[in-house]
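Student: I have a structure to go through. Could we discuss its helices and its core?

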Amino acid sequence: MARRTKQQKKRNRLFHWIKGISYSVVALVFAGLQLLSYLSAVVNPAKVWFFSIFGLLFLPIFIINVILAIWAACHKSALALIPLVAILPSFFLVGRFFRTGQDDVQMLNSDNGIRIITCNIDRFAYDRKIEDRQERIDSVFGFLSRNNADVVCLQEFACSDPSDIRHLVKNKLPGYNIEYYLFKGRKGFSGNVTLSRHKASDKGKILFEDSRNLALWTEYEVCGQRFRVYNCHFESYAISLSNIWQTLTGDASAMHETGNKYRKSLSRRPKQVDAVLNHFDNSPCSGVVCGDFNDNPMSYTYHRVSRMDKDSFIEAGQGFGSTFSAFWPLLRIDYVFVPESWTVVSHKTPKTSFSDHYPVITDCILNN
């Protein structure tokens, strides 16, 4: 009996030793991945492309490390320190994805405020519940009319002829001035459109090398302040859900195609961001940088832009800030960055159905 008890104790010790080693390996791996996700924000993906993958996976890796820390703590194991140390910086970064209730701020009024909406409307083609294209267009413009913004920045605006745009806006959103730049494609035209209740005092475009993406800029004077609005659409991964599924199931051709698209977007996007920020640096006034960045808050793109302006979601957002419906709540890729002197009153991402992107609505007070 004593011998059996002794053998059982040995087996228990061996089991706990193996369990401890296994936990240590798993914890160290995910702690390392967490550290790599931090580096993804400062490493240019055009030079080291795979770092961006860890940035995209920041939230899942963070959640796994939290679970590992809780599990070890419940078993009163000192190994809980491994994931805890790894996630400490995350508590300063997770706010880029999720915000609790914000402090009360001043109310917006027409004398000192401005409302900005940005949305990738996906060529008026996303809403599968509405078969008629005109009804889809009405859905988008109905939303814009109800929200009564001062400036509206649209990406992936599509039409058969550019001359249709002014007629459409005049009928659907009377009182708005329009600036646009569209690329000609096989099935018509598409590009960026900026609408505003204020007349632009200056305007222009920034075309990106080897790309059909661009940034459209317009300059306004509102409440005695001059500023530029950069309506940006940075390079997309152009990877569909079917591509991802085929890649995950081991389809070699899909894997190769997905990899090529991913690396191409990573090589182009940093150059596009730099082109906009260089133009921004030479502007005679402050600026708003907004649009579809096709990058998450742990990316080189976000890091570069956030050094210039402040993120409206961090200032006044609540809950998950995700703007891409297919991977909610993981992907926040649409942004409004405003000058440091402005006060952000509110930031909203209503769950609309007319695009795979949710619009971003930001109200700001233009402080002197």
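**Helices and cores**

Student: What should the 17 residues of helix α3 span at 1.5 Å a residue?

Tutor: This is a predicted model. Helix α3 (residues 58-74) should span 24 Å, and its end C-alpha atoms are 24 Å apart, which agrees.

Student: Which residues of α3 are buried?

Tutor: They are F58, L59, I61, F62, N65, L68, A69 and A72.

Student: Let us change topic. How many residues has the largest nonpolar core?

Tutor: The largest nonpolar core has 26 residues, and F141, L144 and F157 have the most contacts inside it. At least two residues of this core come from each of β2 (113-120), α6 (133-147), β3 (151-159), α7 (163-172), β4 (177-185) and β5 (188-196). The element that gives the most is α6, with five residues.

Student: What does L144 touch, not counting residues up to four places away in sequence?

Tutor: L144 touches I117, A149, V152, L154 and L173. Another core, of 18 residues, lies apart from the largest one and has I116, C153, V222 and V360 among its members.

Student: Now α7. Which of its residues are buried?

Tutor: In α7, I165, L168 and V169 are buried. They lie on the same side of α7 because they cover an arc of only 95° around the axis.

Student: What covers the buried residues of α7?

Tutor: The cover includes α6, β3, β4 and β5.

Student: Which exposed residues does the face turned away from the buried side of α7 carry?

Tutor: That face carries S163, H167, K170 and N171.

Notes
Residues are numbered from 1 along each chain as its sequence is written. This is a predicted model: local features need pLDDT of at least 70, side-chain atom pairs count only at pLDDT 80 or more; totals for chains, interfaces and linings use all residues. Side-chain values use heavy atoms; hydrogens and water are left out. Helices (H or I, at least four residues) and strands (E, at least two) are DSSP runs, numbered from the N terminus. The expected span of a helix is 1.5 Å times one less than its number of residues. Buried means under 20% relative accessible area, exposed over 50%, partly exposed in between (1.4 Å probe, protein chains only). A nonpolar core is a set of buried Ala, Val, Leu, Ile, Met, Phe, Trp, Tyr and Cys residues joined through side-chain atoms within 4.5 Å. Contact means heavy atoms within 4.5 Å. The arc is that of the directions from the helix axis to the C-beta atoms.
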